[in-house]
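Dear colleague,

Please find the structure below, handed over for your use. My notes on what was found in it follow.

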Amino acid sequence: MIIGENIRLRPLKKSDKDLFFAWRNDLDFVEMALSMRLPKHELLEETWLDNAMTDISNRHVYFIIEALDSDTPIGFTALTNIDWISRNGAGGIAIMHPDYRGKGLSTESFRALFDYGFNKLNLHKIWTHVHGGNPASIKMHERLGCTLEGTLKQHYYWDNAYHDALQYGILKDHFNQINA
Ligand SMILES: CC(C)(COP(=O)(O)OP(=O)(O)OC[C@H]1O[C@@H](n2cnc3c(N)ncnc32)[C@H](O)[C@@H]1OP(=O)(O)O)[C@@H](O)C(=O)NCCC(=O)NCCS
């Protein structure tokens, strides 16, 4: 459990299935998270959750984000595909509860996740792919000190158009310098 000023990051629970079922079928989320566009069945969510909760590869860490003011689950964040030799991993985040968007909670949650990844797991680098048309995510990455490392041109197809994906990255030393 990681406790911040306004949020806590807690491990997954079996009862989170309905949340993931709703969230991962939300088409705005699917587009902005650059996900697979196929509908996700409840059974698939159950299997995904079971696998995530019993994963012993040590390559993926998932957290539910809860708002401290209401104890409500408002989203999730994760470090996935951790490479323990190069010591990097992919960051992911979503604030799905509409009442909790635009309040700086993704920035706070991602900062807490990065701090955990760098200073507890000793990762060297965290990277993300961001939809080129996602200004909220771009702003959050910039506020955290992430660097735009490159643009993956026309990387993601959605609604009859190809969209760029932006690769952001941040190194442990840089994160600790600006988030001390
Ligand atoms: C992207 C996302 C995580 C942002 O969450 P959030 O908690 O609302 O973000 P924050 O409040 O921390 O910060 C967002 C910033 O972007 C700004 N922003 C939001 N929409 C914007 C827009 N259309 N244009 C410009 N800036 C915008 C906000 O004003 C805020 O900046 P400010 O605090 O300086 O005013 C959230 O919208 C989300 O979960 N989207 C769906 C999934 C997703 O996109 N995940 C990211 C994958 S990389």
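In which sense do strand E2 (residues 7–10) and strand E3 (residues 61–67) pair, and over how many bridges? In this predicted model, the two strands are antiparallel and are paired over four bridges. Ile7 has Ala67 of E3 as its bridge partner.

The strand pairing continues from E3. Strand E4 (residues 72–83) pairs with E3 in the antiparallel sense, over seven bridges. Here Val61 has Leu79 of E4 as its bridge partner, and Phe63 stands opposite Thr77. E3 and E4 make up a hairpin with four residues between the strands, and Asp71 in the turn has a positive phi of about 55 degrees.

E4 in turn runs antiparallel to E5, to which seven bridges join it.

I turn now to the ligand. The shell around the ligand holds 21 residues, of which Met32, Ser106, Pro135, Ala136 and Lys139 come nearest. At least two residues of the shell come from each of helix H2 (27–32), strand E5 (88–95), helix H4 (105–119), strand E6 (125–131) and helix H5 (135–144). The most is given by H5, with five residues. Sorted by class, the shell has eleven nonpolar, seven polar and three charged residues.

H4 has 15 residues, and the distance from its first C-alpha to its last is 21 Å, close to the 21 Å expected at 1.5 Å a residue. The buried residues in H4 include Leu105, Ser106, Ser109, Phe110 and Leu113. Phe114, Gly117 and Phe118 of H4 are also among the buried residues.

In H5, the buried residues are Ser137, Met140 and His141. These residues lie on the same side of H5 because they cover an arc of only 100 degrees around the axis. As a general point, an α-helix has 3.6 residues a turn, so residues three or four places apart point the same way. On the other side of H5, the exposed residues are Pro135, Lys139 and Glu142. The buried residues of H5 pack against H2, H4, E6 and strand E8 (161–171). Just after H5, Gly145 takes a positive phi of about 90 degrees.

Leaving aside residues up to four places away in sequence, Leu171 touches His124 and Lys125. Leu171 and Leu148 are 23 residues apart along the chain, and their C-alpha atoms are separated by 12 Å.

Yours sincerely

Note on methods
Residues are numbered from 1 along each chain as its sequence is written. This is a predicted model: local features need pLDDT of at least 70, side-chain atom pairs count only at pLDDT 80 or more; totals for chains, interfaces and linings use all residues. A residue is near a molecule or strand if its C-beta atom, placed from the backbone, lies within 6 Å of it. Ala, Val, Leu, Ile, Met, Phe, Trp, Tyr, Cys and Pro count as nonpolar, Asp, Glu, Lys and Arg as charged, and the others, Gly among them, as polar. The expected span of a helix is 1.5 Å times one less than its number of residues. A residue is buried if 20 or more other C-beta atoms lie within 10 Å of its own, exposed if 12 or fewer, and partly exposed in between; C-beta atoms are placed from the backbone. The arc is that of the directions from the helix axis to the C-beta atoms. Two residues are in contact if their C-beta atoms, placed from the backbone, lie within 7 Å. Two strands pair if DSSP finds at least two bridges between them.
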